[in-house]
Amino acid sequence: MPVYTSEALILRTYKLGEVDRIVVFLTRDRGKKRGVAQGARRVRSRFMGALEPMTRAGVAYYEREQRDLVRINYVEPTRSPLSGRSSDALGYVGYFAELIDEWAPESHTDERLYRLGASVIDALASNAPVGPLARYFEFWLLRLQGVYPSLARCPDCGGAFDGGAVMPPREHHFVCGRCGPASGGTRVSISALQFLRTAAAASPEGLAGAPLESAASRELETAHRRLIAVHLEKELKSARVLREIARTT
Ligand SMILES: [Zn+2]
């Protein structure tokens with residue numbers, strides 16, 4: 001039974017039998033894995049505090065031939081996204097983890113996706129504002145999949161997005177204000193576009209110099225939700241939860 005050790009991001013867990021858990025994690029070098037953490041639900045488990053979503057950890061696991069499930073030997077947390085955070089970040093942590101889980105193919109190495117997740121955890125742990133971080137994360141996730149629409153110029157007239165951009169209803173690219181519909185669609189202001197241009201060249205920690213006011217953040221949130229829904233062909237549960245939290249506060 002070959003044993004592997006890797007840096008990993010914990011994505012989610014679910015119960016198995018009486019005392020075990022199945023852990024879904026994204027390794028840096030061998031893609032997404034599912035493994036059994038034996039005894040993880042016992043009171044004095046060696047996995048205690050190590051299996052929260054979006055924990056960065058060193059993981060050792062055995063891989064058995066012809067089996068989808070690996071056996072997890074240990075999980076050694078190196079960074080938790082919620083150390084020193086208020087509970088407002090909690091919903092976002094679940095959202096980030098669910099997005100990575102949905103987008104990471106099984107056992108297919110995607111080091112850029114791993115690095116994006118790891119850098120977002122680091123930014124969360126160092127108290128970066130969570131709203132801009134979420135827009136950054138969505139933007140980069142969609143870019144890494146090659147499905148973020150062009151921000152260079154309007155595909156209809158070739159002009160610049162100098163007056164903002166519009167994602168027309170039922171379409172999933174941006175056109176300029178001159179080519180867009182008179183009403184409807186998702187409007188993205190110049191300041192939201194400016195944030196994306198900064199995000200394209202910055203690490204998540206580097207976002208400190210890129211202010212994103214709440215109106216611009218909402219524009220991007222809507223545009224990104226439409227893009228994510230069409231490319232995943234479903235709406236994420238955690239995104240609905242976040243919207244409900246926003247409505248009640
Ligand atoms: Zn145009």
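With a relative accessible area of 28%, Y14 is partly exposed, a class that lies between buried, under 20% relative accessible area, and exposed, over 50%, as judged with a 1.4 Å probe on protein chains only. Y14 is found in strand β1, where strands are DSSP runs of E with at least two residues, helices are runs of H or I with at least four, and both are numbered from the N terminus. The model is a predicted one, in which local features need pLDDT of at least 70 and side-chain atom pairs count only at pLDDT 80 or more, while totals for chains, interfaces and linings use all residues. Residues are numbered from 1 along each chain as its sequence is written, and side-chain values use heavy atoms, with hydrogens and water left out.

**Overall fold**

- The chain contains six helices and eight strands, and read along the sequence these follow the pattern β-β-β-β-β-α-α-α-β-β-β-α-α-α.
- The chain is as compact as a globular protein of its length, because its radius of gyration of 20 Å is close to the 18 Å that the globule rule gives for 249 residues; the radius is taken over C-alpha atoms, and the rule is 2.2 Å times the number of residues to the power 0.38.
- Along its principal axes the C-alpha trace spans about 60 × 40 × 30 Å, and 46% of the 249 residues count as buried.
- Among contacts (heavy atoms within 4.5 Å) between residues at least 6 apart in sequence, 60% join residues at least 24 apart.

**Strand β1: T13 and Y14**

- Y14 touches R21, I22, V24 and R34 when residues up to four places away in sequence are not counted, and the C-alpha atoms of Y14 and V24, which are ten residues apart along the chain, are separated by 8.6 Å.
- T13 also lies in strand β1, and at 22% relative accessibility T13 counts as partly exposed.
- Leaving aside neighbours within four places in sequence, T13 is in contact with R21, I22, V23 and L51, whereas the C-alpha atoms of T13 and Y92, 79 residues apart along the chain, are separated by 17 Å.

**Nonpolar cores**

- A nonpolar core is here a set of buried Ala, Val, Leu, Ile, Met, Phe, Trp, Tyr and Cys residues joined through side-chain atoms within 4.5 Å, and in the largest such core, of 61 residues, F96, L99 and F174 touch the most other members.
- L99 touches F137, L141, I228, L232 and L236, again not counting residues up to four places away in sequence.
- A second, separate core has 15 residues, among them A40, A50, I72 and V75.
- In soluble globular proteins, nonpolar side chains tend to be buried together.

**Second largest pocket**

- The second largest pocket has a volume of about 370 Å³, where volume is the space filled by probe spheres set on grid points that are joined across faces, edges and corners.
- Of the 17 residues that line this pocket, P53, G94, A97, E98 and S238 are the closest to its centre; on a 1 Å grid over the protein atoms alone, a pocket is an open set of points where a 1.4 Å probe fits, with protein on both sides within 12 Å along at least five of seven lines, and lining residues have an atom within 4 Å of a point.
- β1 (3-16), α1 (88-103) and α6 (237-248) each supply at least two residues of the lining, and α1 gives the most, with eight residues.
- By class, the lining has eight nonpolar, three polar and six charged residues, with Ala, Val, Leu, Ile, Met, Phe, Trp, Tyr, Cys and Pro counted as nonpolar, Asp, Glu, Lys and Arg as charged, and the others, Gly among them, as polar.

**Loop residues and a helix position**

- N127, in the loop between α2 (111-125) and α3 (130-144), has a positive phi of about 65° although it is not a glycine, and N127 is partly exposed, with a relative accessible area of 48%.
- R170, in the loop between β6 (165-167) and β7 (175-176), has a positive phi of about 65° although it is not a glycine, and R170 is exposed, with a relative accessible area of 76%.
- M48 lies in the loop between β3 (31-37) and β4 (56-62) and counts as exposed at 60% relative accessibility, while the C-alpha atoms of M48 and V75, 27 residues apart along the chain, are separated by 9.4 Å.
- R115 is found in helix α2 and is partly exposed, with a relative accessible area of 45%; R115 and R28 are 87 residues apart in sequence and 7.8 Å apart in space, C-alpha to C-alpha.
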